[in-house]
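Subject: Structure handover

Hello,

Here is the structure you are taking over, with my notes below it. Please read them with the model open.

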Amino acid sequence: MKIGIISDTHDDIENVRKAIEIFNKKDVQYVIHAGDYVFPGIVLEFKRLNAKLIGVLGNNDGEKGLLLKAFLEIGGELKGELGEIHVDDIKIGIYHGTSTEIKKRLIESGRYSIIVCGHTHKREPPGVEKGTFHKDTSTLVLNPGVGHKKTESLAEAFVEGGVIILDTESTEYNYIDLP
Ligand code: NI
C-alpha cells in the first residue's frame, strides 16, 4: 500500500494543492500529515484527496476543535498529539516532533518500524531521495521537511521540504520536492 507523507503546511494552500495532485497521481491510500496546519480551513482542501487523511497536532495548532471539525468533514482522522497506524503489518508512529525528548523516546521504544515527524523543517533522513525501511530490525524516522513554500530565513529554517511516498509492500520510500 502506498502512503503519502506531508508536514508543516502552515496555511500554504498552493503547495497543499500541489501535494494533493502528487498524492492522487501516485494513488496513495492514506496521507499522513505530521501537524502544523495552522489555519483549520486548510484541512478542507484535502477534500480533493482520493485517500484518507490522518493527522496529528503540531505546536502551532491552537484551534484544536476547529481542526477536528475540519477533519471530520472530509472523512479524515485527527489523532491528537500522538498517533499510530498499522498497514500491511507495519506499525507507523506519528508525532509532530515538538519535544525532542518524546521523539527520542518513541524511537528508542522499538515499537514502530517507522516514525513520521515534522517540525524541524529539515528532511529526515537528510539528503536521501530514495531508501528502504526494515520492518523488524530498526526504526526509521521519516520527516518530509516543510510542506509550505521555501522562504529565506536567517535561521535557514524554511529551506527544505516536500512530500514522501512510502510503499509498505516494497518497503521503499521516495522523496518528492515541492516549491
Ligand atoms: Ni512545528
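The model is predicted. Strand 8 (residues 123-124) pairs with strand 10 in the antiparallel sense, over 2 bridges. Within this part of the model, Arg123 stands opposite Pro144 of strand 10.

Strand 10 also pairs with strand 7 (residues 114-116); these two run parallel and are joined by 3 bridges. Here Val116 has Leu142 in strand 10 as its bridge partner.

In soluble globular proteins, nonpolar side chains tend to be buried together. Leaving out residues up to four places away in sequence, Val116 touches Ile5, Ile32, Ala34, Ile92, Ile94 and Leu142.

At the strand 4 end, strand 3 (residues 52-55) runs parallel to strand 4 and is joined to it by 2 bridges. One of the residues involved is Gly55, whose bridge partner in strand 4 is Leu78.

Helix 1 (residues 13-25) has 13 residues, which at 1.5 Å a residue should span 18 Å; its end C-alpha atoms are 18 Å apart, so the two values agree. Which residues of helix 1 are buried? They are Asn15, Val16, Ala19, Ile20 and Phe23. These residues cover an arc of only 140° around the axis, which means that they lie on the same side of helix 1. They pack against strand 1 (2-6), strand 2 (30-33) and strand 11 (162-167). The face turned away from the buried side carries Glu14, Glu21 and Lys25, which are exposed. Just after helix 1, Asp27 has a positive phi of about 60°.

Is Asn174 buried, exposed or partly exposed? The cut-offs are 20 or more C-beta neighbours within 10 Å for buried and 12 or fewer for exposed. Asn174 has 14 inside 10 Å, so it counts as partly exposed. Apart from neighbours within four places in sequence, Asn174 is in contact with Glu129, Lys130 and Ile165. Its C-alpha atom is 12 Å from that of Phe23, a residue 151 positions away in sequence.

Finally, the whole chain. The protein has 3 helices and 12 strands. Its C-alpha atoms fill a box of roughly 40 × 40 × 30 Å along the principal axes. A compact globule of 179 residues would have a radius of gyration near 16 Å, and the protein, at 15 Å, agrees with this. Buried residues are 41% of the 179. Of the contacts with a separation of 6 or more, 60% are between residues 24 or more positions apart.

Regards

Terms used. Residues are numbered from 1 along each chain as its sequence is written. This is a predicted model: local features need pLDDT of at least 70, side-chain atom pairs count only at pLDDT 80 or more; totals for chains, interfaces and linings use all residues. Helices (H or I, at least four residues) and strands (E, at least two) are DSSP runs, numbered from the N terminus. The radius of gyration is taken over C-alpha atoms; the globule rule is 2.2 Å times the number of residues to the power 0.38. Two residues are in contact if their C-beta atoms, placed from the backbone, lie within 7 Å. Two strands pair if DSSP finds at least two bridges between them. The expected span of a helix is 1.5 Å times one less than its number of residues. The arc is that of the directions from the helix axis to the C-beta atoms.
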